[in-house]
Amino acid sequence: APIPAPRPAHDMKRTLLWSLLVFSVIAAALTYAVSRAGYWLEAPGRPPIAADAIVILGGDNGNRAIRGLRLYREGYARTIVLTGLDRGSGALPPHLNWRAAYLVARGVPRSALRFEVESRNSYEEATNVLALMRKQGWRRVIAVSDPPHLRRLAWTWARVFRGSDREFVLVASGADWWAPGKWWRDELSGVFVITEYIKLAYALF
């Protein structure tokens with residue numbers, strides 16, 4: 001019997017269709033991943049639970065202090081730790097002054113405030129807070145930061161706290177500028193998302 005002649009045009013069409021299908025699936029997956037990028041960054045945030053101290057992390061523009069004050073008033077802890085101060089300053093630096101003044105003016109006793117003055121980055125904050133917990137005999141702290149930072153903080157703090165008998169709970173500030181569902185349309189949210197993914201990639205390598 002004669003051997004059928006190959007049908008290169010048909011095979012090429014089928015290959016092209018499969019390629020288009022694979023490309024469409026990949027494009028859809030990437031689109032979905034991009035749309036959920038903000039939610040993934042904030043996902044490690046948890047509801048607050050009773051703790052020995054509320055740690056308001058440095059770099060605050062006001063939202064973290066507001067959330068920390070609310071947690072204090074709701075009775076989750078009776079001590080507040082402010083981090084991110086300038087080393088060796090004789091007086092409280094300006095970016096601490098307003099946070100301490102804000103809290104004290106709203107009913108937080110000055111005696112309830114603690115200041116962590118050594119940290120320069122997230123890793124140092126976690127390390128120094130853990131050391132402070134051991135010194136004070138604290139078992140658990142609530143760490144307050146802005147939503148897009150929480151994924152990186154979860155990785156960093158988990159690495160520092162691994163093997164210790166201390167706990168931390170990450171709680172998101174009520175950042176009014178954060179738009180996780182449309183971060184690519186919002187300039188500030190977009191900057192934070194892109195920056196955080198770069199920092200996460202750097203942390204992995």
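A residue counts as buried when its relative accessible area is under 20%. With that cut-off in hand, look at α6 in this predicted model: L150, R151, R152, L153, A154, T156, W157, V160 and F161 are all buried there. That's nine of the twelve residues, so the helix is mostly covered, given the under-20% rule. What do these buried residues pack against? Their partners are α2 (37–42), α5, β4, β5 and α7.

Just past the helix comes G163, with a positive phi of about 85°.

**The pocket**

Which helix gives the largest share of its lining? It's α6, with five residues. The lining has 23 residues, and N121, S122, Y123, R152 and L153 are the ones nearest the centre of the pocket. At least two lining residues come from each of α5 (122–136), α6 (150–161) and α7 (187–204). Here is how the lining divides by kind:

| Kind of lining residue | Number |
|---|---|
| Nonpolar | seven residues |
| Polar | ten residues |

**A buried serine**

Strand β4 covers residues 140–145 and includes S145. Is S145 buried or exposed? Its relative accessible area is 2%, so S145 is buried. Setting aside neighbours within four places in sequence, S145 is in contact with L57, R64, L150, L153, V171, A172 and S173. Two of those names, L150 and L153, are also among the buried residues of α6.

**The cores**

The largest nonpolar core has 20 residues, and I54, I80, L103, V108 and I142 are the ones that touch the most other members. Two or more residues of this core come from each of β1 (53–56), α3 (63–73), β2 (80–83), α4 (94–105), β4 and β5 (167–172). The biggest giver is α3, with four residues. For a closer look, take L103: leaving out neighbours within four places in sequence, L103 is in contact with I56, A65, L69, I80, L82, V108 and L113. Apart from this core lies another one, made of 19 residues, including V81, L132, M133 and W138.

Conventions
Residues numbered from 1 in each chain as written. Predicted model: local features only at pLDDT ≥ 70, side-chain atom pairs only at ≥ 80, totals over all residues. Heavy atoms only, no water. 1 Å grid on protein atoms, 1.4 Å probe; cavity = no way out; pocket = protein on both sides within 12 Å on 5 of 7 lines; lining within 4 Å. Nonpolar A, V, L, I, M, F, W, Y, C, P; charged D, E, K, R; others polar. Buried < 20%, exposed > 50% of the residue type's maximum accessible area, 1.4 Å probe, protein only. Contact = heavy atoms within 4.5 Å. Core = buried A, V, L, I, M, F, W, Y, C linked by side-chain atoms within 4.5 Å.
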